[in-house]
Amino acid sequence: MSASPLISLLPTLATGAAHTHALGFAYESLVGDRVRIRVPWREDLVGDPDTGVLAGGLVTTLLDHVGGLAVWVALDRFESIATLDLRVDYMRAARPRADLIAEARCFRLTHSVAFVRAWAFEDHPDDPVAAAQSAYMLNSSSGRGVGANLAPRREAGE
Amino acid sequence: MSDVLADLPYARFLGLTTEQDGDALTVTMPFADKLIGNPMLPALHGGSTAAMLELTAVAQVALLYPRLKLPRPINVTVAYLRSGRPVDVHARARISKAGRRVAHVQAEAWQEDEAQPIATLSAHFLVAQLDL
């Protein structure tokens with residue numbers, strides 16, 4: 001069985017944008033429909049300098065991003081998607097100076113929305129630092145091409 | 001005023017600046033290429049907007065609870081209302097409940113027009129030193 005083109009794109013989709021690159025995100029694995037990425041611990045990504053624990057907002061970004069990868073895995077193709085909303089529960093403090101891994105699974109695809117759950121942990125998803133539940137709009141760029149955000153904002157009804 | 005965000009490494013990574021007017025803080029995330037998540041549109045990474053909203057909430061809670069070192073988020077919900085354009089983002093947070101153990105906060109982020117927010121956050125923070 002040959003891997004789908006989407007699977008070969010995953011490392012790029014995990015790390016290729018300016019923000020994910022600046023944060024040092026790295027692609028880990030795809031097992032079944034569960035995709036994993038990692039953020040290596042770094043001093044400038046810490047939330048509280050007294051504890052050396054990675055920032056909550058970084059964990060949110062990691063969970064948002066890995067969720068998007070899970071949506072592309074479920075679609076088995078790349079298309080423009082946009083996070084609609086995201087809820088993150090911070091269940092315990094992360095370990096100081098430790099990398100974090102995030103795993104996500106898209107458990108339902110509808111015509112226009114994908115529903116995802118994701119977890120962040122140091123070693124094992126059964127002992128999560130944080131858990132996320134999120135929804136993504138599919139085909140989010142319909143009618144908006146390259147450079148659309150450089151033009152003035154326009155809304156329906158205007 | 002003590003600018004809590006100035007001491008937090010991740011807030012510095014995002015380039016956040018804080019202005020205080022009375023009891024209200026306005027946090028700004030100046031546009032930088034490293035915040036881009038979608039290079040085609042181009043659009044800010046939703047995570048950078050969410051993180052900035054969360055840190056705005058942290059700063060606002062810290063201002064209200066001066067004896068607390070840092071409020072710890074219990075959970076956050078972010079709704080993405082509009083694509084983040086490649087320009088500065090501003091945010092303000094309002095504390096909807098300031099309890100003994102828990103505070104609830106709502107925050108909004110906007111770019112050119114405060115009446116057209118790009119994202120909202122609703123969050124609970126632990127504000128008791130001994131909990132968790």
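A crossing of two helices is left-handed if the near helix is turned anticlockwise from the far one by less than a right angle, and right-handed if clockwise. Keep that in mind. This is a predicted model, where local features need pLDDT of at least 70, side-chain atom pairs count only at pLDDT 80 or more, and totals for chains, interfaces and linings use all residues. Residues are numbered from 1 along each chain as its sequence is written, with chains lettered from A and ligands numbered from 1 in the order in which they are written.

First, the helices. Helices (H or I, at least four residues) and strands (E, at least two) are DSSP runs, numbered from the N terminus. In chain A, the axes of H1, residues 5-15, and H3, residues 56-75, come within 11 Å and cross at roughly 165°. Axes here are lines fitted to C-alpha atoms, for helices over the stretch in contact, with angles from 0 to 180 degrees between N-to-C directions. H1(A) and H3(A) are therefore roughly antiparallel, a term for angles over 145 degrees. Their crossing is right-handed. H1(A) brings A:Leu6, A:Leu10, A:Leu13 and A:Ala14; H3(A) brings A:Leu69, A:Trp72 and A:Val73. Contact means C-beta atoms, placed from the backbone, within 7 Å.

Now the two chains. Their contact takes 33 residues from chain A and 37 from chain B. On the chain A side, S5(A) gives the largest share, nine residues. What does S5(A) pair with in chain B? With S5(B), residues 72-80, in the antiparallel sense over five bridges. Strands pair if DSSP finds at least two bridges between them. A:Asp89 has B:Asn75 as its bridge partner in S5(B).

Definitions and conventions:
Parallel < 35°, antiparallel > 145°, perpendicular 65-115°, else oblique. Contact = placed C-beta atoms within 7 Å.
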